[in-house]
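Subject: A structure for you to look at

Hi there,

Here is the structure I promised to pass on. Please open it beside this message and follow along as you read.

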Amino acid sequence: MKKLYQKGWFGIKFSEFAKLDSENIADDKFYEKFYELFYKKFDSYNDLPKDYIECKTNIAKDIINFSKDYKDILSIGCGNGFIENFIIKNSDKNILAIEPSNNFKWLTNAETCKTIIGFFPECIKDERKYEFGYCSTIDYVFNNEEYINFFKSVYDYGFKDFYLAEVIVPSEGFVASTKEIIKDVLSLFGLYNKGQFWGYLRNIDEHIALLKKVGFKKITYGTHKHGSYWIRLENEKN
Ligand SMILES: C[S@@+](CC[C@H](N)C(=O)[O-])C[C@H]1O[C@@H](n2cnc3c(N)ncnc32)[C@H](O)[C@@H]1O
């Protein structure tokens, strides 16, 4: 597992609104300030950077394909809702999209898309049961204990089919490792600012080991068109 640091996102420099903290992970307040600037900078999904649109579109197309046997989908942690918006506009699926931060500016409730502000699983305890679910780009925010707790709640919920989409793995090899070591040494001497502590990157074996610990037995994986991974968790009773 490698720690991930970031100095900006979507062309917004974190130093514009926060003091970068390489020890503590970005908290709710950090994200709140970030999204204030984000929604000032961008007016709609079409406004977002081209490479972002391309990656999230690949993921949305994969989710449509993965869920071909299901009409109803649960999305956990939908963020700005780009993927969910693409799915409802390009398929006959119904989506329930949940997100704890009040980030529903562009993804609005529609006949085929219901949104709920809150954390999984508490915020949907009164909703109907979903057989198919996914989360995209959530894993990296969790330390190992939080990761296990989150996926234990996914396991206990009892989806027939669940996908972790857009799993980003750390770059490996001599050059990447050497660069990391040099940055670590320079930052020890105050000569390099690593940036804001952003999360954790795990390789596929580390993901599988944690998911097995949670209880999942049927685990398979593959890659999206742009290279990041997806991991499929099937209910062994299927
Ligand atoms: C990096 S964002 C990904 C957003 C979006 N899925 C995407 O692919 O662009 C991760 C999201 O997960 C949400 N999240 C974290 N824990 C969650 C939980 N227990 N239930 C629901 N959402 C959660 C966060 O609020 C955050 O918006």
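Let's start at A165. Apart from neighbours within four places in sequence, A165 is in contact with I59, D62, I63, Y134, S136 and W230. Please keep in mind that this is a predicted model.

What about the surroundings of β8? Of its 7 residues, 6 are buried, so β8 is largely enclosed by the rest of the structure.

Now step back to the sheet. In what order do its strands lie? The 7 strands run β6-β5-β4-β7-β8-β11-β10, forming an open sheet with mixed pairing. At the edges stand β6 (113-117) and β10 (218-223); each has a single partner strand, so one side of each is left without a neighbour in the sheet. On average, neighbouring strands here are turned by 20° against each other, direction ignored. Helix α2 (residues 50-66) packs on this sheet and touches β7 (132-136), β8 (161-167) and β11 (229-234). The direction of α2 makes about 165° with that of β8.

You can trace some of the pairings yourself:

- β5 (residues 94-99) and β6 run parallel and are joined by 5 bridges; I95 has C113 in β6 as its bridge partner.
- β4 and β5 run parallel, with 5 bridges between them, and S75 stands opposite A97 in β5. Strand β4 is mostly covered, with 4 of its 5 residues buried.
- β7 and β8 run parallel too, joined by 5 bridges; here G133 stands opposite F162 in β8.

Next, have a look at the ligand. Which residues are closest to it? They are G77, G79, F120, S136 and T137, out of 17 residues that surround the ligand. By type, this shell divides into 10 nonpolar, 5 polar and 2 charged residues.

Finally, a few places where the backbone is worth a second look. Most residues other than glycine have a negative phi, and most peptide bonds are trans.

- P121 lies in the loop between β6 and β7, and F120 is one of the residues closest to the ligand.
- T137 sits in the loop between β7 and α4. Is T137 buried or partly exposed? It counts as partly exposed, because 19 C-beta neighbours lie inside 10 Å and a buried residue needs 20 or more.

Enjoy exploring, and write back with any questions!

Best wishes

Technical notes: Residues numbered from 1 in each chain as written. Predicted model: local features only at pLDDT ≥ 70, side-chain atom pairs only at ≥ 80, totals over all residues. Pairing = 2+ DSSP bridges. Helix = DSSP H or I, 4+ residues; strand = E, 2+ residues; numbered from the N terminus. Axes fitted to C-alpha atoms, helices over the stretch in contact; angles between N-to-C directions. Contact = placed C-beta atoms within 7 Å. Near = placed C-beta within 6 Å. Nonpolar A, V, L, I, M, F, W, Y, C, P; charged D, E, K, R; others polar. Buried ≥ 20, exposed ≤ 12 C-beta atoms within 10 Å, placed from the backbone.
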